[in-house]
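Me: I have not looked at this one before. Can we go through a few parts of it together?

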Amino acid sequence: MSEKVSRRKYIAVAGAAAAAAVIGGAAYYLSRPAPPPPTPTPKPTPKLTPAPTITPAPTPKPTVTPAPTATPKPTATPKPGQVEVTLAYSGWGSDTMNNIISDFSKENPSIKVTVFTMAGGKPYHDKMVTMLTAGKGYDIVYGGVMEEFADAGWIIPIEDRIPKKLLEDMNVVSKESMTYKDHIWGMPWYLRIGYGFNYNIKMLEKAGIDEPAKTWSELRQHCLLIKEKGIVEYPLAFSAMQDTDTWGVYTSLLHSYGLTFFDEDGKCILNSPEHVQVLQMMVDWIHKDKIVHPTCLESEMHGVTELMAGGEVAMTLNGYYYLKTVNDPEKSKVAGQVYAAPYPGSEDRPGKGGGLSESVGWYVTYVSKHPDEAYKFIEWLGGPQGHKRWWMEKMLFPSYNSLASDPEVLEAFPEAKGYFEQMPYLSYLKDKLYEGLTRPFRTEYEELTAEQISAAITKVKTPKEALDTIVEKVTALQKKYYK
């Protein structure tokens with residue numbers, strides 16, 4: 001994949017603008033369609049051969065969906081005696097997908113997996129809805145469609161199939177992402193850990209800095225020192241354009257301070273003194289301290305990556321997977337110098353900023369003629385074997401705790417060790433303080449927050465004025481949709 005194009009262009013959820021609160025994440029990642037079409041009468045659910053029963057993890061909601069491109073034709077027909085399982089997805093990372101299928105086929109020669117690739121995002125969503133409504137479709141679908149498709153009866157719950165050992169190994173965020181209405185519906189593609197904190201070790205050493213910042217005040221001090229010593233004029237980079245990426249950076253900072261968007265009663269509290277202070281900190285970094293590269297006001301994530309790869313900045317808050325690009329000698333002037341560190345935290349939680357995280361899943365459909373075989377493949381694809389492949393070849397973060405100590409995993413990208421240290425501090429993005437409260441007006445919410453945070457960053461409004469506007473309009477939207 002060309003790194004000239006932001007990965008958020010590849011990751012689309014069935015339907016709409018990228019999910020605003022992604023951290024660690026990155027807002028580029030997701031969104032789901034605005035209110036889905038009328039839900040058809042659920043179809044009878046095919047029975048899967050049961051395995052040990054487990055108690056599903058609480059809390060629901062996933063999202064995300066990688067998505068570009070081509071439309072290759074499926075491979076040859078199954079051999080006599082083989083069962084064919086079909087999978088439809090966007091085609092991102094198709095070389096790795098083919099390698100996973102090859103691994104699986106060696107262990108399961110009686111199952112032939114045929115992949116159909118097509119445009120992702122809304123076109124994918126709409127096509128799946130049309131087919132499944134008509135009782136047609138593929139054995140396996142993917143993406144940010146879980147709740148909608150589960151409510152429609154289009155995908156099959158799988159908690160009775162997942163081995164207990166596998167579920168216990170799965171990171172709690174991925175487990176929660178796959179859970180809805182007391183059922184587990186899919187296997188995770190990967191763990192999206194949100195934004196990553198990356199630093200150029202050579203620049204820090206030149207400034208006499210022994211280790212990366214653990215708090216935001218320490219990060220500011222490091223940037224000012226690097227600037228003072230003339231190492232680079234603007235040590236820090238993150239997306240600061242009018243875009244959900246910028247909202248994502250802001251919400252990652254809120255999360256690192258333990259701040260939420262809504263209180264327990266569902267009231268939007270984004271204009272509290274604490275929330276205003278965090279936004280003011282971002283504005284000061286740009287305009288007062290002048291430690292943020294000015295092109296960030298017009299850059300999304302790939303632009304931030306280019307600044308680091310060009311040796312123009314010392315630190316970034318960016319999509320974690322771009323660490324691979326900035327250490328690629330063919331794409332970077334500073335290859336081998338950039339490392340990950342745990343996301344900085346507040347003064348009372350140094351190095352524990354964590355990230356807002358989630359997983360997108362692979363799901364077995366109700367129209368599958370071979371649901372047991374389809375489940376067997378998604379257990380491989382979405383289990384440790386598949387996740388190890390995705391990490392080793394595409395640097396998609398694995399959802400399994402055991403892989404955090406796998407020597408091959410750690411040796412593949414030793415510069416990424418800081419991301420694994422961040423795992424215990426991840427939080428599920430779509431918790432009750434965000435997802436359910438904005439779903440009916442998701443598109444308006446994302447446009448509103450991106451617009452107002454940009455207004456503050458460009459000093460069109462004060463941070464307080466911008467956040468007051470968000471709260472006022474969100475309150476009006478809640479009254480409109482929650483009568």
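Me: How do strand 7 and strand 10 pair?
Reply: This is a predicted model. In it, strand 7 (residues 195–200) pairs with strand 10 in the antiparallel sense, over four bridges.

Me: Which residue of strand 10 is the bridge partner of Tyr-199?
Reply: Tyr-339.

Me: And what order do the strands of the sheet come in?
Reply: The order is 8-9-7-10, in an open sheet of four strands with mixed pairing. Strand 8 (236–237) and strand 10 (338–341) each have a single partner strand, so one side of each has no neighbour in the sheet.

Me: Which strands does helix 7 touch?
Reply: Helix 7 (residues 216–228) packs on the sheet and touches strand 7, strand 8 and strand 9 (315–319). Its direction makes about 130° with that of strand 9.

Me: Now helix 9. Which of its residues are buried?
Reply: His-275, Val-276, Val-278, Leu-279, Met-281, Met-282, Val-283, Trp-285 and Ile-286.

Me: What do those buried residues pack against?
Reply: Helix 7, strand 8, helix 8 (244–256), helix 17 (442–457) and helix 18 (463–481).

Me: Different topic. At what angle do helix 1 and helix 13 pack?
Reply: Helix 1 (residues 94–107) and helix 13 (residues 384–394) pack at about 145°, and their axes are 10 Å apart. The crossing is right-handed.

Me: Which residues make the contact?
Reply: Helix 1 gives Asp-95, Thr-96, Met-97, Asn-99, Ile-100 and Asp-103, while helix 13 gives Gly-386, Arg-389, Trp-390, Glu-393 and Lys-394.

Me: How many of them are charged?
Reply: Five are charged, with three polar and three nonpolar.

Technical notes:
Residues are numbered from 1 along each chain as its sequence is written. This is a predicted model: local features need pLDDT of at least 70, side-chain atom pairs count only at pLDDT 80 or more; totals for chains, interfaces and linings use all residues. Side-chain values use heavy atoms; hydrogens and water are left out. Two strands pair if DSSP finds at least two bridges between them. Helices (H or I, at least four residues) and strands (E, at least two) are DSSP runs, numbered from the N terminus. Contact means heavy atoms within 4.5 Å. Axes are lines fitted to C-alpha atoms, for helices over the stretch in contact, and angles run from 0 to 180 degrees between N-to-C directions. A crossing is left-handed if the near helix is turned anticlockwise from the far one by less than a right angle, and right-handed if clockwise. Ala, Val, Leu, Ile, Met, Phe, Trp, Tyr, Cys and Pro count as nonpolar, Asp, Glu, Lys and Arg as charged, and the others, Gly among them, as polar. Buried means under 20% relative accessible area, exposed over 50%, partly exposed in between (1.4 Å probe, protein chains only).
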